[in-house]
Amino acid sequence: MKPESIVLAQLRSDLLDAMWLQYPLALSLDQLETAVHVAYLTRETSWLTGAIRAQLSTLNQAELIRPCAKGYLLTEKGRRDRQQAARFLGTNDKPTPPEAA
């Protein structure tokens, strides 16, 4: 079983990925929960909802997302973060540029 800090870090990443896939559209809490639900199957849906809310708060404080009337949006900083993550974690065979190393 993974430590809770690793699970929550993965949840934050999964939430950002879900928003990245729908960028520039806002995603509601229900849409975000649906996007990550399969990876975090649990009998306690209240735990998952609470964990998602807490991680969204953390991402908002880090200025990676921002709340809006329709849900949550990636900020420019969050968009750049996902681009960088895709570059480093992607399946491309390009070497890492020296300035990014």
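Biologist: Is T34 buried or exposed?
Modeller: Happy to start there, with the reminder that this is a predicted model. T34 lies in helix α2. Exposed means over 50% relative accessible area. T34 has a relative accessibility of 59%, so T34 counts as exposed.

Biologist: How many Å apart in space are T34 and A18, C-alpha to C-alpha?
Modeller: Along the sequence, T34 and A18 are 16 residues apart. In space, the C-alpha to C-alpha separation of T34 and A18 is 9.8 Å.

Biologist: Thanks! Stepping back, in what pattern do helices and strands follow each other along the sequence?
Modeller: The protein has four helices and two strands. Read along the sequence, they give the pattern α-α-α-β-β-α.

Biologist: Which element has the lowest confidence, and which the highest?
Modeller: For the protein, pLDDT averages 84, and 84% of the residues score at least 70. A word of caution: where pLDDT is low, predicted coordinates should not be read in detail. Confidence is lowest in helix α4 (residues 76-89), with a mean of 87, and at 96 it is highest in strand β1 (residues 65-68).

Biologist: How are α1 and α3 oriented to each other?
Modeller: A pair of packed helices is described by the angle and the distance between their axes. Helix α1 (residues 4-22) and helix α3 (residues 45-61) have axes 10 Å apart and pack at an angle of about 75°. An angle of 65 to 115 degrees counts as roughly perpendicular. The orientation of α1 and α3 is therefore roughly perpendicular.

Biologist: Which residues of α3 does α1 meet?
Modeller: On the α1 side, the contact involves L8, L11, R12, L15, L16 and M19. By class, the contact of α1 with α3 has nine nonpolar, two polar and one charged residues.

Biologist: Why does Q55 count as buried?
Modeller: Q55 is found in helix α3. Leaving out residues up to four places away in sequence, Q55 touches L8, L11, R12 and L15. Buried means under 20% relative accessible area. Q55 counts as buried because its relative accessibility is 6%.

Biologist: What kind of peptide bond joins Y23 and P24?
Modeller: Y23 is placed in the loop between α1 and α2, and P24 is found in the loop between α1 and α2 (29-37) as well. Omega for the bond joining Y23 and P24 is about 10°. That peptide bond is cis.

Biologist: Which residues is Y23 in contact with, beyond its neighbours within four places in sequence?
Modeller: Y23 has 34% relative accessibility, so Y23 counts as partly exposed. Y23 and T75 are 52 residues apart in sequence, with 9.8 Å between their C-alpha atoms. Beyond those sequence neighbours, the contacts of Y23 are L74, E76 and R79.

Biologist: What is the phi of E63 near?
Modeller: E63 lies in the loop between α3 and β1. With a relative accessible area of 52%, E63 is exposed. E63 is a residue other than glycine with a positive phi, near 65°.

Biologist: How far apart in space are R80 and L64, C-alpha to C-alpha?
Modeller: R80 is found in helix α4. R80 is partly exposed, with a relative accessible area of 45%. R80 and L64 are 16 residues apart in sequence, and their C-alpha to C-alpha distance is 9.1 Å.

Biologist: Finally, what share of the contacts with a separation of 6 or more comes from residues 24 or more positions apart?
Modeller: Some totals first: the protein has 101 residues, of which 30% count as buried. The protein exposes about 7,000 Å², and carbon and sulfur atoms supply 53% of that. Among contacts with a separation of 6 or more, the share from residues 24 or more positions apart is 56%.

Terms used: Residues are numbered from 1 along each chain as its sequence is written. This is a predicted model: local features need pLDDT of at least 70, side-chain atom pairs count only at pLDDT 80 or more; totals for chains, interfaces and linings use all residues. Side-chain values use heavy atoms; hydrogens and water are left out. Axes are lines fitted to C-alpha atoms, for helices over the stretch in contact, and angles run from 0 to 180 degrees between N-to-C directions. Angles under 35 degrees count as roughly parallel, over 145 as roughly antiparallel, 65 to 115 as roughly perpendicular and the rest as oblique. Contact means heavy atoms within 4.5 Å. Ala, Val, Leu, Ile, Met, Phe, Trp, Tyr, Cys and Pro count as nonpolar, Asp, Glu, Lys and Arg as charged, and the others, Gly among them, as polar. pLDDT is the predictor's confidence in each residue, from 0 to 100. Buried means under 20% relative accessible area, exposed over 50%, partly exposed in between (1.4 Å probe, protein chains only). Accessible areas come from the Shrake-Rupley method with a 1.4 Å probe; for residues, only the protein chains shown count as cover.
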